[in-house]
Amino acid sequence: MASIKENLEKVKAQLPEGVRLIAVSKFHPVEELAEAYEAGQRLFGENRAQELVAKAPQLPDDIRWHFIGHLQKNKVRAIMPHVSVIESVDSVELLQLIEKEAARIDRTVDVLLQLHVAQEETKSGFSVDEILEAADAGQLTCYPHVHVCGMMAMASLTDDMEQVAREFDTVRRTYLTLKDGCFDESEYFNELSMGMSDDWQVAVKYGATLVRIGTAIFGPRVY
Ligand SMILES: *Cc1c(COP(=O)(O)O)cnc(C)c1O
């Protein structure tokens, strides 16, 4: 079996210039994260608040933690001291709360707006209509302690790569609409986080700047 270091090197060798890798380490023990860190990895993704809060203090503090799971409102305060980017902002209410909690500890936090494009209802995120309405209403751009840095999305879990491509294309086009619209004066709105172990090659074709890869680096998760 290939080591974590070998897996990381293999993925990174295939990533085009300008696309950064988030090592999705959810459900993997800190020893495995430390192995990835030793191999040079600095961006890690976690999807549960408690797990992120438990792991962060055990690892070097130049790691940049990306929160990528559905974020419950009562967990925002707990992750705020640790997180570098909250990728999974799926409502205006959550954005407002993130502003409040960031202000409370006098920091600025980067976030991405999550778009729901997959077929599964269980996945979260704004619908295209919801995000365009929020943009028109000025609800995405009024946060002094939040930098809205772009968008994040997950495609459907399917072998049909044409379906996946259509979904990533929807994300890219929505991202460009916002970039030319309410974020046209933003110096931050530049990131498109999409693509996982099985579909990142497609995501990159549609303009991903961040890919979130777990299984292809750490192996299968044991839940
Ligand atoms: C788990 C997860 C990933 C990584 O999935 P793999 O298929 O293991 O690469 C990426 N993004 C999100 C939001 C996740 O929850």
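The ligand in this structure is surrounded by Val24, Lys26, Ile68, Met152, Met154, Met196, Ser197, Arg212, Ile213, Gly214, Thr215 and Arg221. Keep in mind as you look around that this is a predicted model.

**Around the ligand**

- Threonine 215 reaches the ligand with its side chain: one of its polar atoms lies 2.5 Å from a ligand oxygen.
- Glycine 214 uses its backbone instead, with an N or O atom 2.8 Å from an oxygen atom of the ligand.
- Arginine 221 has a side-chain N or O atom that is 2.8 Å from a ligand oxygen.
- On its own the ligand would expose 390 Å², and the protein buries 92% of that area.

- Which residues of helix α2 are buried? Within this helix, which covers residues 30-38, they are Val30, Leu33, Ala36 and Tyr37.
- Looking down the axis of α2, you would find these buried residues within an arc of 115 degrees, so they line one face of the helix.
- On the face turned away from the buried side, α2 carries the exposed residues Glu31 and Glu38.
- What do the buried residues of α2 pack against? Their partners are α1 (4-14), β2 (43-46), α3 (49-55), β3 (64-67) and α9 (215-218).
- Valine 30, a member of α2, has a relative accessible area of 16% and is therefore buried, the cut-off being under 20%.
- Beyond its neighbours within four places in sequence, valine 30 is in contact with Lys55, Gln58 and Leu59.
- Valine 30 and arginine 173 are 143 residues apart in sequence, and their C-alpha atoms are 37 Å apart in space.
- After α2 comes glycine 40, which has a positive phi near 105 degrees.

**The nonpolar cores**

- The largest nonpolar core has 68 residues, and those with the most contacts inside it are Ile86, Ile98, Val111, Leu113, Leu140, Leu178 and Val211.
- Another core lies apart from it and has nine residues, among them Val24, Leu43, Leu112 and Leu210.

- Alanine 23 sits in strand β1, residues 20-24.
- Is alanine 23 buried or exposed? Its relative accessibility is 0%, so it counts as buried.
- Not counting residues up to four places away in sequence, alanine 23 touches Gln41, Leu43, Phe44, Gly45, Ile213, Ile217 and Phe218.
- Between alanine 23 and glutamate 87 there are 64 residues of separation in sequence and 14 Å in space, C-alpha to C-alpha.
- Alanine 134 belongs to helix α6, residues 128-136, and its 3% relative accessibility means that it counts as buried.
- The residues that alanine 134 touches, leaving out those up to four places away in sequence, are Val92, Gln139 and Leu140.
- Alanine 134 and glycine 40 are 94 residues apart along the chain, with 39 Å separating their C-alpha atoms.
- Glutamine 114 is part of strand β5, residues 109-116, and counts as buried because its relative accessibility is 4%.
- Glutamine 114 touches Glu87, Ser88, Val89, Ser124, Gly125, Phe126 and Met152, again not counting residues up to four places away in sequence.

**Two backbone angles to look at**

- As background, most residues other than glycine have a negative phi.
- Phenylalanine 27 is not a glycine, yet its phi is positive, about 70 degrees.
- You will find phenylalanine 27 in the loop between β1 and α2, and its relative accessible area of 27% makes it partly exposed.
- Aspartate 106, also a residue other than glycine, has a positive phi near 60 degrees.
- The loop between α5 (92-104) and β5 is where aspartate 106 is found.
- With 67% relative accessibility, aspartate 106 counts as exposed, because the cut-off is over 50%.

Notes:
Residues are numbered from 1 along each chain as its sequence is written. This is a predicted model: local features need pLDDT of at least 70, side-chain atom pairs count only at pLDDT 80 or more; totals for chains, interfaces and linings use all residues. Side-chain values use heavy atoms; hydrogens and water are left out. Helices (H or I, at least four residues) and strands (E, at least two) are DSSP runs, numbered from the N terminus. Buried means under 20% relative accessible area, exposed over 50%, partly exposed in between (1.4 Å probe, protein chains only). Contact means heavy atoms within 4.5 Å. The arc is that of the directions from the helix axis to the C-beta atoms. A residue is near a molecule or strand if one of its heavy atoms lies within 4 Å of it. A polar contact is a pair of N or O atoms within 3.5 Å; within protein, one must be able to donate a hydrogen and the other to accept it, and residues adjacent in sequence count only if both atoms are side-chain atoms. Accessible areas come from the Shrake-Rupley method with a 1.4 Å probe; for residues, only the protein chains shown count as cover. A nonpolar core is a set of buried Ala, Val, Leu, Ile, Met, Phe, Trp, Tyr and Cys residues joined through side-chain atoms within 4.5 Å.
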